[in-house]
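Here are a few exercises to work through with the model open in your viewer. Try each task before reading its solution.

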Amino acid sequence: MLGTGSCTQQNPSASSHEIVFAIGQMPLNLDPRYATDAASERVNRLVYQSLVDFDAQSKPVASLATWVEFNPTAFRFTLNKNHASFHNQMPLTANDVKATYDSLATLKDSPNTAEFANIKNITVIDNDTVEFQLNQADKHFPAKLILGILPAKLIAENYDFSHVPVGSGPLKFVTWQNKLTLQRVGDDQRISLIEVKDPTVRVLKLLHGEVDLLQGELPPELVKYLQTKPDVIVKTSIGANFSYLGLNFEDPVLQKLKVRQAISHAIDRKQIIAKAMIQHSREADMILPPEHYTNQPNTDLTPNDYNPALAKQLLQEAGVKLPLKLVYKTSTDAQRVRFATILQAQMAKAGIDLEIRSLDWGTFFEDVKQGNFQLYGLTWVGIKTPEIYLKAFGSQSTPPNGFNRGRYADAELDKLLAEENWQAATARIRQQLPYIPLWYEGQFAAMRKGITNYNAKPDGNWDDLGTISYAH
């Protein structure tokens, strides 16, 4: 078992067994104003509290605060009674809420700054009450207030939240060197996250008792293997995280709709799901899954069928010389490279010569943000609100003002998004293919016997680290 470092033994029943969670990729940034990678956002949900969260249908619900809409441009939030203080023992007040959201206006490189440009001013009414005034009406405004609240005093000091976070959530930061160690506020239970990039090594560490928990990022044969082991419990769930191929619209070939349609028809999603993914994975058509409240029941959301002959025909109609050579960037994660090699083989039958470039996560993600790619593969994680379509495809949402990393621009879609006509907007997205939809990957968590109160969640969050326990 990995050591517990400086773990105190004041409460040995809770802290004598440090729970070790092996993950494929460490968080990149624990400042919620900057974090965009999945690991960072999952940790930040535990370290910080946000004003608002979401229910099972992705509708906004009160978390740290309840709210009242006075009019379409004025919202008043009241902090819950007996809410937690910050981990540095400072009380959390309305001033901290104001300081957190005010700070975004000065952070020119934050991907969240544009999201809150509509805030005209924030007024502190009293210690527990804050009012947001907007420039323009936005009935969905509360659903956007999901940033972790930071201490105003530390914001003013330009404190480094990214590496040494101070929040008020159920887990507090302890140390981050070779591993990221958190401690549960309620009972001092320590939980350490260690990075183990190789999925086979992660599995072996679980079987040898060096780690207690794995979640996601394993090929299906390793998950099935774990299910045969008497000392391991595997829990599964349907997935809601959307995997896709991103396209660079500054590339003249990818600007052609028939080329994008050809790429979509060149992918056999059913085969990949059957052969290379865990159970409960399903084909995807849009970022938000079918059960999301914005998706109407019985809506025909079917991705383009695998048809390499049609794909080749579309490429020829687009005036493309075959084979079409494309460069696909992905991370070095073994499962992502595996997907890439399957895509490469499938696309070859459609006249597409796919060159794979697998890069370390930091380099890969920076290339994606900078637009340095032709094609890339990524997954939208934990997305709840339909505004994602504006952030991902709005012509004004190119980085750093949003996540339109492919630099897609479509005046008709902009109009539909501005009107919040989600059905028409998603129909336009399906028709224009600003990305190539792939699947919602099934979720699993594997843990050693003795670990309880932890389940796999559709969006892959780690929220149950707030309740996980180890039975001696």
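Buried means under 20% relative accessible area, exposed means over 50%, and partly exposed is what falls in between. Keep in mind that this is a predicted model.

**Exercise 1.** Find H280 and Q89, and work out for each whether the residue is buried, partly exposed or exposed.

*Solution.* Start with H280, which sits in the loop between α8 and β14 (282-283). Its relative accessible area is 35%, so H280 is partly exposed. Now go to Q89, in the loop between β5 (74-79) and α3 (94-103). Here the relative accessibility is 64%, so Q89 counts as exposed. While you're there, check the backbone: H280 has a positive phi of about 75° although it isn't a glycine. Q89, also a residue other than glycine, has a positive phi near 80°.

**Exercise 2.** How do helices α7 and α9 pack, and which residues make the contact?

*Solution.* First, get the geometry: α7 (residues 257-265) and α9 (residues 308-317) pack at an angle of about 165°, with their axes 8 Å apart. Angles over 145 degrees count as roughly antiparallel, so that's what α7 and α9 are to each other. The crossing is left-handed. Next, list the contact: α7 brings K258, V259, Q261, A262 and H265, while α9 brings P308, L310, A311, L314, L315 and E317. Sorted by class, that gives 7 nonpolar, 2 polar and 2 charged residues.

**Exercise 3.** Which residues of α6 are buried, and what covers them?

*Solution.* In α6 (residues 220-227), pick out P220, L222, V223 and L226 as buried. They span an arc of only 160° around the axis, so they lie on the same side of α6. The elements covering them include α5 (199-207), β11 (213-215), β12 (232-237), α8 (269-276), α10 (334-348) and β19 (443-448).

**Exercise 4.** Where do the cis peptide bonds L322 to P323 and P399 to P400 fall?

*Solution.* The bond from L322 to P323 has omega near -5°, and P323 lies in the loop between α9 and β15 (324-331). For P399 to P400, omega is near 10°; P400 lies in the loop between α12 (388-393) and α13.

Note on methods
Residues are numbered from 1 along each chain as its sequence is written. This is a predicted model: local features need pLDDT of at least 70, side-chain atom pairs count only at pLDDT 80 or more; totals for chains, interfaces and linings use all residues. Side-chain values use heavy atoms; hydrogens and water are left out. Axes are lines fitted to C-alpha atoms, for helices over the stretch in contact, and angles run from 0 to 180 degrees between N-to-C directions. Helices (H or I, at least four residues) and strands (E, at least two) are DSSP runs, numbered from the N terminus. Angles under 35 degrees count as roughly parallel, over 145 as roughly antiparallel, 65 to 115 as roughly perpendicular and the rest as oblique. A crossing is left-handed if the near helix is turned anticlockwise from the far one by less than a right angle, and right-handed if clockwise. Contact means heavy atoms within 4.5 Å. Ala, Val, Leu, Ile, Met, Phe, Trp, Tyr, Cys and Pro count as nonpolar, Asp, Glu, Lys and Arg as charged, and the others, Gly among them, as polar. Buried means under 20% relative accessible area, exposed over 50%, partly exposed in between (1.4 Å probe, protein chains only). The arc is that of the directions from the helix axis to the C-beta atoms.
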